[in-house]
Amino acid sequence: MRNSMQPSPSHENQNATTRWIVNATIALLPVLACFLGGATQKWEEGLVITLLALCLLVRPPRFSLGALTNLVLLTLFILAAVAFLPARWFFQPEWHAAFVNTFGIQLPSTLTPQPWITLSYLVSFAAGLSWLYVVSTQDLELREARFQLRLFTSGTALLATTCIAFYLAHTTLPFWHNEQNFGPFPNRNQTGDLFGLTAIMILAWGQDDLRKRRKRWIVWILALVLIVAATILNFSRSGIGILVAGSAFWLGAFAFRQRPPSRLALGVSFLLLLLTALLLFGGQTFENGFPVANFS
């Protein structure tokens, strides 16, 4: 007879499914925020915060970070909420008196002259603290951690593929605002940094699958090609800098851990191929990326 204290198989399967959904949500939520242009608009930010709230409802943090950490986070939130205290409790700046006395503008009684806007940013700050708490209190097995990182990397590679497709089609999404018409972020360096860091993660996953003799490393190589192409088309010098420096550091650390000299030669050859591709196809990136001083 089954012990009544033991969880039933259906309950275990339900917990496993819930855990899988939460892990996927945590991995893909940053990708969604990047796809939405960094959530710079309030409706984009609201969507991301809503999904985070649902994730917290389904699976709240299972343990605490400690009294000291909780006190620090609570203090930060209270300091941000000071803006809603009565303005008469604080020193009145000159612009406040000028608005009221000279221009006759009726300001609210709170310290912040725009309480609704301040409230929206306070919610954003609380969501950021909540996200920090969620990712810091995860009790993950190695397999789950690898799942989250692989899913995030795959999602970013798919985002890079989407950017290339829109670029070739000479179109973009209505909520992407970029002067180069490439990528979701308003600043091209933000897009380049994301792709550059993702490329380093792809190198790690490809090497891991190659070491374990999995054919999945071929998919990672294709993803790396797409990421490099997206970095070049993005015209971001910081993205290329992260890509080259990070790849060189990672390949160097990997190659010097291997005894056969052929491994070292392979790593150097790959880095040279990467630099050659960047020089051949990224000429406009270097030309547009580095500002030229005008002394006239």
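How many salt bridges does a search of the whole structure find? The search finds eight, where a salt bridge is a side-chain nitrogen of Lys or Arg within 4 Å of a carboxyl oxygen of Asp or Glu. Before we look at some of them, a word on the source. This is a predicted model, in which local features need pLDDT of at least 70 and side-chain atom pairs count only at pLDDT 80 or more, while totals for chains, interfaces and linings use all residues. Residues are numbered from 1 along each chain as its sequence is written, and side-chain values use heavy atoms, with hydrogens and water left out.

Let's start with the overall fold. Read along the sequence, the pattern is α-α-α-α-α-α-α-α-α-α-α. Of the 296 residues in the chain, 32% count as buried. Here buried means under 20% relative accessible area, exposed means over 50%, and partly exposed is in between, with a 1.4 Å probe and protein chains only. The chain exposes about 18700 Å², and carbon and sulfur atoms supply 68% of that; accessible areas come from the Shrake-Rupley method with a 1.4 Å probe, and for residues only the protein chains shown count as cover. As for contacts (heavy atoms within 4.5 Å), take those between residues at least 6 apart in sequence: 72% of them join residues at least 24 apart.

Now for the inside. A nonpolar core is a set of buried Ala, Val, Leu, Ile, Met, Phe, Trp, Tyr and Cys residues joined through side-chain atoms within 4.5 Å. The largest one here has 34 residues, and Leu194 and Phe195 touch the most other members. Helices α1 (9-35), α2, α6 (142-168), α7, α8 and α9 (237-256) each supply at least two residues of this core, with α8 giving the most, seven residues. Zoom in on phenylalanine 195: not counting residues up to four places away in sequence, it touches Thr156, Ala160, Cys163, Phe182, Ile227, Ala230 and Thr231.

Threonine 191 also lies in helix α7 (residues 188-211). Is threonine 191 buried or exposed? It counts as buried, because its relative accessible area is 0%. Leaving aside neighbours within four places in sequence, threonine 191 is in contact with Gly183, Pro184, Phe185 and Asn234.

Helix α8 (residues 217-233) has a surface story too. A nonpolar patch of about 540 Å² is made by Leu210, Trp217, Ile218, Ile221, Leu222 and Val225, and α8 gives the most to this patch, with five residues. Patches are made of residues with over 30% relative accessible area and no salt bridge; like charges are joined within 9 Å, and nonpolar side chains (Val, Leu, Ile, Met, Phe, Trp, Tyr) within 5 Å. Leucine 222 is found in α8, and it counts as exposed because its relative accessibility is 53%.

Back to the charges. Side chains of opposite charge can pair when their charged atoms come close. In helix α2 (residues 42-58), glutamate 45 and lysine 42 lie three residues apart, about one turn of the helix, and they form a salt bridge with the closest N and O atoms 3.2 Å apart. Glutamate 45 counts as buried at 16% relative accessibility, whereas lysine 42, at 41%, counts as partly exposed.

Aspartate 209 has two arginine partners to follow. It meets arginine 214 in a salt bridge (3.3 Å, N to O) and arginine 216 in another (3.2 Å, N to O). At 0% relative accessibility, aspartate 209 counts as buried; arginine 214 is partly exposed at 34%, and arginine 216 is partly exposed at 38%. These residues belong to a network of salt bridges that links Arg146, Arg150, Asp208, Asp209, Lys212, Arg214 and Arg216.

Finally, the backbone. Most residues other than glycine have a negative phi, and most peptide bonds are trans. Arginine 213, in the loop between α7 and α8, has a positive phi of about 60 degrees although it is not a glycine. Histidine 170, in the loop between α6 and α7, has a positive phi near 55 degrees. Arginine 213 is exposed, with a relative accessible area of 78%, and histidine 170 is exposed with 75%.

Note on methods
Helices (H or I, at least four residues) and strands (E, at least two) are DSSP runs, numbered from the N terminus.
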